[in-house]
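Please consult the sequence and the structure shown here while reading.

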There are 2 protein chains.
Amino acid sequence: MPIVVQKYGGSSLADAESIKRVARRIAETRKAGNDVVVAVSAMGDSTDELLDLAQEVSPIPPPRELDMLMTAGERISMALVAMAIHDLGISARSFTGSQAGVITDESHGKAKIIDVTPGRITEALGKGHVVIVAGFQGVSQTTKEITTLGRGGTDTTAVALAAALKADVCEIYTDVDGVFTADPRIVPKARKIDRISAEEMLELAASGSKVLHLRSVEYARRYDIPIHVRSSFTPKEGTIVTDQPGPTQQGLEGEAVEAPIIAGVAHDRSEAKITVVGVPDTKGKAAQIFQAVAASEANIDMIVQNVSATETGLTDISFTLPKTDGQGAMEALQAIQEQVGFSGLQYDDQIGKLSLVGAGMRSNPGVSATFFEALAEAGVNIEMISTSEIRISVVTRSELLDEAVRAVHSAFGLDSEDGEAVVYAGTGR
Amino acid sequence: MPIVVQKYGGSSLADAESIKRVARRIAETRKAGNDVVVAVSAMGDSTDELLDLAQEVSPIPPPRELDMLMTAGERISMALVAMAIHDLGISARSFTGSQAGVITDESHGKAKIIDVTPGRITEALGKGHVVIVAGFQGVSQTTKEITTLGRGGTDTTAVALAAALKADVCEIYTDVDGVFTADPRIVPKARKIDRISAEEMLELAASGSKVLHLRSVEYARRYDIPIHVRSSFTPKEGTIVTDQPGPTQQGLEGEAVEAPIIAGVAHDRSEAKITVVGVPDTKGKAAQIFQAVAASEANIDMIVQNVSATETGLTDISFTLPKTDGQGAMEALQAIQEQVGFSGLQYDDQIGKLSLVGAGMRSNPGVSATFFEALAEAGVNIEMISTSEIRISVVTRSELLDEAVRAVHSAFGLDSEDGEAVVYAGTGR
């Protein structure tokens, strides 16, 4: 029997009515002749409510106990989903992350899955049950402590279960119809992508697209699990994320269709820029700076070092990082100011990042020319640039970001009305 | 180091402030030089809220999933208590029932503890941690399913942990000062009992006293664990429940003081009476009736069979049972009416039960005379009677019950103002 793994997030499980709706969807999948395993998040805002409670009790709660607390959220939703399925005449069994064999490292609050031993799941499937698993949680390998996987954890749980069970597909249910060529709230002409490669999806997720979490895409790519991102509110097909060749890559006459150059445009307002001003342009200064930032556990994204002003022998170093890491990095830099001898620090949280992603860039040298031309025509000034094989990212002023996204989206023929034969493409939702 | 086990109920853990207060109490016990293990219930009304959610999703939720759901309640409170203790500079670790080694049978919703394997608890104590354990829950021995212990379950968890850890005392914190000679809401002159035997406490708990749950007293008695029932709102000593000889049984001069005849007066309005009318007075009819009631899983308490009216050859059989079992029992009886040939059924939920409990009854034959005299003088009509070695119970009209309790309490010199040398006594709070 084919195995389908499904994931439902908190917005699909906001209240009893939503839970019943999700249960009907699961029941249909079961009745269609599949073994069904479902990973669920905590209901609606319940995670935030638990966090608030923790804050009231302790300003800096110990991570072990915070994980113990947070995991109650998925426990509640998984039991309710199992009950609702049961109420439709289909037997269902819920399992915690620990019971489901989701083995992680010891890192509370941001644990990584290192193994899945789904003995109880396969046993339950063998008895004809639908299996509901608490997402976002696991148990640590050596200390047997309850852990949580951090942001987007339930997506990762679903993909990891799909890999361990050799599932046919991992369906990620969300509140949007799939992955779009750009965020439809910014680009009304953005199109839903029918099919996208895991490689492109990875770049989009890393560049600010929030439909799928980066780690889950990495996991799916490594284990070659197709992900189907779709809405829990409609029966419509969503977006298939896979590196396997699919039917949409065949033209009407059966001959292979050229894949499009560009998958989509992602944007990200979650980063800030730190500029270290007046750094002596001597050997090892940059290393000192980035060692200090790394020690504060900040994740550096893009880096620019200005050309040294020869008359002064000083240079400026700018880098971007998540806003949430900003304070720690600033403190770390202040602590080494005297030792390194730079003259000052600037913190700028009014930046926006735009990324163009497409596997076709590799063999199409004209992409960057079109890209920068479109930004220039839209009057968007570029502050930083970085590239990968299949991505170009630029940093600009935050208030210009939306206009920049629309301009680039149009320039690459991604707008839905223009009728160009774009077979697939990707987005920040 | 002495080991103290403490139990805090939902009313002591209603919100963040209450949790912090409980944490201070636990921290004090720790600082006084004890190893501390704490069993906690779910916060305030959270159990009811979870039950409501279950009802919204499924009218008859499967018991396994209901247990999975309900156990989230203690998981939340234990993590919060551990955080609050941590915030006071004392390390604490929370454990689920399963992690704490609370092994039960397979009976969801009303599981019985069959073993406690507290390896992780003793390990954590050895490392200097305070240990917080989720009450009310365990894991089944053969199927490894999460179970709940039913009403009063956290008291039982606490006593079972105390027994397994060979604790010096099990402190049950509640919202009253201890066990009283009668419910102070009915008898304002009721006195707090300083010390009561486990045997008497058992009879009181079985007769409607709600301070301690019956199963926890049975457990404590079997393993000879002293229980200290006390208020979480004051530092005052409460009531010690133990069969071990204690200091209060020594007079001022050191000679033994005679234990009082009567421990206390309990009352119970949770039962109903079913009367099977016009039962043919032939062999086997009563057996058929009680087999049917037993098959409906009703717990029968008292039974009265009226003398047969010789001219008709018919008799009436009355019995009491918890109101919650009433509907099931009535349906079971209706189903056998034709077969047994009785003429009708009466259901009466306006009854009340009064119980007088005291180990001294064994050697004091005058007790029942005083008892019935007091009830007669108060104008209380008796409908049913049952006795044990150390208890007399009567059923009366519900509206007369309070007056009956006051009359009996006075007749045995239990009122607090009369100054009689009652060393100890017991109650339905």
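## Salt bridges

A salt bridge is counted where a side-chain nitrogen of Lys or Arg lies within 4 Å of a carboxyl oxygen of Asp or Glu. The model is a predicted one, in which local features need pLDDT of at least 70 and side-chain atom pairs count only at pLDDT 80 or more, while totals for chains, interfaces and linings use all residues. Residues are numbered from 1 along each chain as its sequence is written, chains are lettered from A in the order in which they are written, and side-chain values use heavy atoms, with hydrogens and water left out.

Over all chains, the structure holds 45 salt bridges. One of them joins Glu17(A) to Lys20(A), with the closest N and O atoms 3.8 Å apart. These two residues are separated by about one helical turn, because they stand three residues apart in helix H1 (residues 16–31) of chain A. Helices here are DSSP runs (H or I, at least four residues), numbered from the N terminus.

## The interface of chains A and B

Chain B and chain A each bring 42 residues to their contact, where contact means heavy atoms within 4.5 Å. The area buried between the two chains is about 3,300 Å², and carbon and sulfur atoms give 64% of it. Buried area is the accessible area (1.4 Å probe) that two parts lose on being put together, summed over both. On the chain B side, Val57(B), Arg75(B) and Met83(B) lose the most area to chain A, together 22% of what that side buries.

Two salt bridges are found across this interface. Arg120(A) and Glu145(B) are joined by a salt bridge of 3.7 Å, N to O.

## Helices H2 and H3 of chain B

Helix H2 (residues 46–57) and helix H3 (residues 63–86) of chain B have axes that come within 9 Å and cross at roughly 150 degrees. Axes are lines fitted to C-alpha atoms, for helices over the stretch in contact, and angles run from 0 to 180 degrees between N-to-C directions. The crossing angle makes H2(B) roughly antiparallel to H3(B), a term for angles over 145 degrees.

From H2(B), Thr47(B), Leu50(B), Leu51(B) and Ala54(B) meet Leu66(B), Leu69(B), Met70(B) and Gly73(B) of H3(B). Six of the contact residues are nonpolar, two are polar and none is charged. In this classification Ala, Val, Leu, Ile, Met, Phe, Trp, Tyr, Cys and Pro count as nonpolar, Asp, Glu, Lys and Arg as charged, and the others, Gly among them, as polar.

Terms used: Angles under 35 degrees count as roughly parallel, over 145 as roughly antiparallel, 65 to 115 as roughly perpendicular and the rest as oblique.
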